[in-house]
Amino acid sequence: MKILIRATNSIGELLLIYVVLLIVCAGLFAGFEQRTFGDALWWTAVTATTTGYGDISPSTLGGRIVAMVLMHATLLFILPLLIGRVISVFMEDHHRFTDEEQRQLMTDVAELKAKLGRAEAAPRD
């Protein structure tokens, strides 16, 4: 899972993975279905976007397996990750502490603990 997160750290990396997926699937589809690479690339774009015109469809077992892998990879991995990355660009946590603020809080807590320790150790009347 950590490898997947590191490999999809930016929108550019996700788009690169998506383009590679399209090209690999187009090459496999062209081979299995005896189609030109241009037709196969058209088919992968139409299938990956779930448009599904139906003008080209797989008829061989290999072509159908490629179609299933492409459809599931696009809908279950590429699209959600891409949407998440795009949303994260626009989301801003206004309550997030800066490093300096975190260090100051740690110093304040340490001082409070020290004062509480002295107060507990002091004799009571």
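A crossing of two helices is left-handed if the near helix is turned anticlockwise from the far one by less than a right angle, and right-handed if clockwise. The structure described here is a predicted model, in which local features need pLDDT of at least 70, side-chain atom pairs count only at pLDDT 80 or more, and totals for chains, interfaces and linings use all residues. Residues are numbered from 1 along each chain as its sequence is written, and side-chain values use heavy atoms, with hydrogens and water left out.

Helices (H or I, at least four residues) are DSSP runs, numbered from the N terminus. Two packed helices are described by the angle between their axes and the distance between the axes. Axes are lines fitted to C-alpha atoms, for helices over the stretch in contact, and angles run from 0 to 180 degrees between N-to-C directions. The axes of α2 and α3 come within 8 Å and cross at roughly 125°. The two helices are therefore oblique to each other. Angles under 35 degrees count as roughly parallel, over 145 as roughly antiparallel, 65 to 115 as roughly perpendicular and the rest as oblique. The crossing of α2 and α3 is right-handed. On the α2 side, the contact (heavy atoms within 4.5 Å) involves residues including Tyr18, Leu22, Ile23 and Phe29. On the α3 side, Phe37, Leu41 and Trp43 are among them.

Isoleucine 23 belongs to helix α2, which covers residues 11–33. This residue counts as partly exposed because its relative accessibility is 44%. Buried means under 20% relative accessible area, exposed over 50%, and partly exposed in between (1.4 Å probe, protein chains only). The C-alpha atom of isoleucine 23 is separated by 60 Å from that of glutamate 111, 88 residues apart along the chain.

The loop between α2 and α3 contains glutamine 34. Glutamine 34 is not a glycine, yet has a positive phi of about 55°. With 67% relative accessibility, glutamine 34 counts as exposed.

Helix α3 has twelve residues. From first C-alpha to last, α3 reaches 16 Å, close to the 16 Å expected at 1.5 Å a residue. The expected span is 1.5 Å times one less than the number of residues. The buried residues of α3 are Ala40, Trp43, Thr44, Val46, Thr47 and Ala48. They pack against α2 and α4. Just after α3, threonine 50 takes a positive phi of about 60°. Threonine 50 is found in the loop between α3 and α4.

Helix α4 spans residues 61–90 and has 30 residues. Its reach is 43 Å from first C-alpha to last, close to the expected 44 Å. The axes of α3 and α4 come within 9 Å and cross at roughly 45°. That makes α3 oblique to α4. This crossing, too, is right-handed. Trp43, Thr44, Thr47 and Ala48 of α3 meet Val66, Ala67, Leu70, Met71 and Thr74 of α4. The buried residues of α4 include Gly62, Gly63, Ala73 and Ile78. What covers the buried residues of α4 includes α2 and α3.

Threonine 74 lies in α4. Threonine 74 counts as buried, at 5% relative accessibility. Leaving out residues up to four places away in sequence, threonine 74 touches Tyr18, Leu21, Ala48, Leu79 and Pro80.
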